[in-house]
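Dear colleague,

Please find it directly below, followed by an account of what was found in it.

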Amino acid sequence: SKGVEVWVVQSDGEVGGELLVEGGSDEVKVTAGTLEATAKEVAGGAATLVTPGASKGWFEVSGRGGRLLLVAVTGSDVYTLTGAFEAWRVGKEAASPPEEPASLAWGAFEIQHDAVSGEVHVETRDGDKGVYMLLGSGVKRPGGFAYPPEGDPYRGVAGLVWRAVSGPGSLKPDTIALGAWEARTSDLDGMPWIPLPLKHGSLTEPALDTIDLRFTSGHVLYRISFPATAVSAGASKSLYVDLDIRNRCRVYLNGTLVGGHTTYSHLMFRPGVKNGPDPFAERVRYRLPSELLLPPSGAGGARHGWNRLVVVCESWGFPRMAFWLNDCRNPRGVLSARFSSKAVARAARWEVAGVDVSRLDIPYESTGFPDERAWTAAQVVQVPSAPAPAGLAAGGGAGSGAVLRAGAGGAPRWYRTQVTLKTAAAGGDGGKWVRVPLRVYMSGPGDAHLIAGGLYVGRYYGDGDAPQTSFPVPESLLDDGGTFELALVVYPAARHGRANGDAKKKKKEKQKKSSSSEAVDEEEDADADWVSLHVVPWHVDAATWSGNAKDVGGTAFATRQYTF
């Protein structure tokens, strides 16, 4: 009603209180309402103290300043409280924003009220039973809403209407199905390689980095070719290369993985630094096994006697700088590659491949692999299924899982499938459909980069260098049938581990890098070339509905959608 001020407050076991009103009993009138409020004079009759007798409901006070309607809700309802301001401005002549909402609503996970059209969009979760709406003066009542029933704590409030709703319940996903898998292995030699010049007078440092090349999203691939004749019989048994990269790499010799490492630091003035300049090198040594090198003569086949060292390098973005360092530019990719043989270094030819982000509609939507969209050579394959982790299965809507491996020799291998979400039909109480936000849950020792619906959604590291295991799938990527395409590239975990600029750790790592340690690394990582994938709902704490993932003991999150 006009002239009535409305307060909506929390009143439960956590929050409560009393109301002190100026004026004595001859001026202040209290309508007890369903809160069963009582009043008594205090301060020698100068004020009235109003004390509610219940925790949920309403009372009304009138006095010198006018009329006050106090509506008490629980803490859980406070989190659903929604005011409709924006829609109320539509069509109004007044240029200034309104000082009061067209309506206040609570009782469901999400409530949107268009006060002009009168339409109300509601999303409910399990446990939601009704939507309350307190309408402003002149706002028409939405269709299907009525005054609260007998016994309801809010019955008797002028302008307050209610409608029964229900949560999704058994309408949670029947199935999250994975279709047939297609797979292909990246042809590292077949990438669109372009020559990469070296700095003047240098045999080890590229003259251009990823910024110059505009290869700033995801990976950059480097190929260093050297003739087999440049490696003498004696040197082939002890040939190695020292790599300084930013931030993470995998190293392949003639198509076979020989290792990988990460260079990154949270500290200042450390290799791979997150904040500030990065002036120091962090070189990690890779032995190039003689059994993988081409013989110096009479062999090589299609390679024509050239050894190919390919470095698949991944950037973790550019560091933050203090304002006086804004002109600093920390390079990314391969900063240097030093061979133990000068003959190899002099004969080496450098090339680079990547994705030019200036040609993308969204600059950072690429994994950086030039072949990420090339599926013409893909074949349908059978992949092992993977049981859902116990916590996910117990939470409901566990979905389908698969185990995906890297290609031969540890080469990056691409997979894709169609994911379809199916839910049961909604009932006859007005609920139209069920909304189930999805995620891709990853586990296993390998690495993977995910593309959902054509959008690069994240990277998974099985060695723990990054903690993320759940990758949200934006709901807009699903078509009307609840289907989206999921693609990912898989390659093995790093073998050298982490090089993070810590001097003591670096010293220990160098001490371990003997000829025997290489064999130990390979044995430990022999089966670290796979990941396990599940497409699942978000599992949350049903007691708090905080939205934070709770994989063990959580409940599959879903909402039921209504439009009135």
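The model is predicted: local features need pLDDT of at least 70, side-chain atom pairs count only at pLDDT 80 or more, and totals for chains, interfaces and linings use all residues. Residues are numbered from 1 along each chain as its sequence is written, and side-chain values use heavy atoms, with hydrogens and water left out.

Sheet

Helices (H or I, at least four residues) and strands (E, at least two) are DSSP runs, numbered from the N terminus. Two strands are taken to pair if DSSP finds at least two bridges between them. On this basis, four strands form an open sheet in the order 1-7-6-3, and their pairing is mixed. Strand 1 (4-10) and strand 3 (29-31) are the edge strands; each has a single partner strand, so one side of each is left without a neighbour in the sheet. From one strand to the next the twist averages 20 degrees, where axes are lines fitted to C-alpha atoms (for helices over the stretch in contact) and angles run from 0 to 180 degrees between N-to-C directions. Seven bridges join strand 6 (residues 57-63) to strand 7 (residues 66-73) in the antiparallel sense. Within this sheet, Ser62 stands opposite Arg67 in strand 7.

Salt bridges

A salt bridge is counted where a side-chain nitrogen of Lys or Arg lies within 4 Å of a carboxyl oxygen of Asp or Glu. By this rule there are 25 salt bridges. For the surroundings of each residue, buried means under 20% relative accessible area, exposed over 50%, and partly exposed in between (1.4 Å probe, protein chains only).

Asp465 and Arg248 form one of these bridges, with their closest N and O atoms 2.6 Å apart. Asp465 lies in the loop between strand 31 (455-461) and strand 32 (470-473), and Arg248 in strand 19 (residues 248-253), so the pair ties together parts that are 217 residues apart in sequence. Both Asp465 and Arg248 are buried. Salt bridges also link Arg248, Arg250, Asp447, Asp463 and Asp465 in a network.

Arg125 and Asp128 meet through their side chains in a salt bridge of 3.7 Å, N to O. Arg125 is buried at a relative accessible area of 13%, and Asp128 is buried at 9%. In the bridge between Arg155 and Glu150, the closest N and O atoms are 3.4 Å apart. Here Arg155 is partly exposed, with a relative accessible area of 35%, while Glu150 is exposed, at 68%.

Aromatic pairs

Rings of Phe, Tyr and Trp (its six-membered ring) pair if their centres lie within 6.5 Å; planes under 30 degrees apart count as stacked, over 60 as edge-to-face and the rest as tilted. The structure holds twelve aromatic pairs. One of them is the edge-to-face pair of Trp106 and Tyr154, at 5.4 Å centre to centre and 75 degrees between the planes. This pair links distant parts of the chain, 48 residues apart: Trp106 is in strand 9 (residues 103-106), and Tyr154 is in the loop between strand 12 (130-135) and strand 13 (160-164). Both Trp106 and Tyr154 are buried. Ring pairs join Trp106, Tyr132 and Tyr154 into a cluster.

Surface patch

Met268, Phe269 and Phe280 make a nonpolar surface patch of about 310 Å². Patches are made of residues with over 30% relative accessible area and no salt bridge, like charges being joined within 9 Å and nonpolar side chains (Val, Leu, Ile, Met, Phe, Trp, Tyr) within 5 Å. Accessible areas come from the Shrake-Rupley method with a 1.4 Å probe, and for residues only the protein chains shown count as cover. Phe280 is in the loop between strand 20 (256-263) and strand 21 (283-287), and is partly exposed at a relative accessible area of 46%.

Backbone exceptions

Most residues other than glycine have a negative phi, and most peptide bonds are trans. Arg246 and Asn247 are joined by a cis peptide bond, with omega about 10 degrees. Asn247 lies in the loop between strand 18 (240-246) and strand 19. Glu36, although not a glycine, has a positive phi of about 55 degrees. Glu36 is in the loop between strand 3 and strand 4 (38-42) and counts as exposed at 54% relative accessibility.

Yours sincerely
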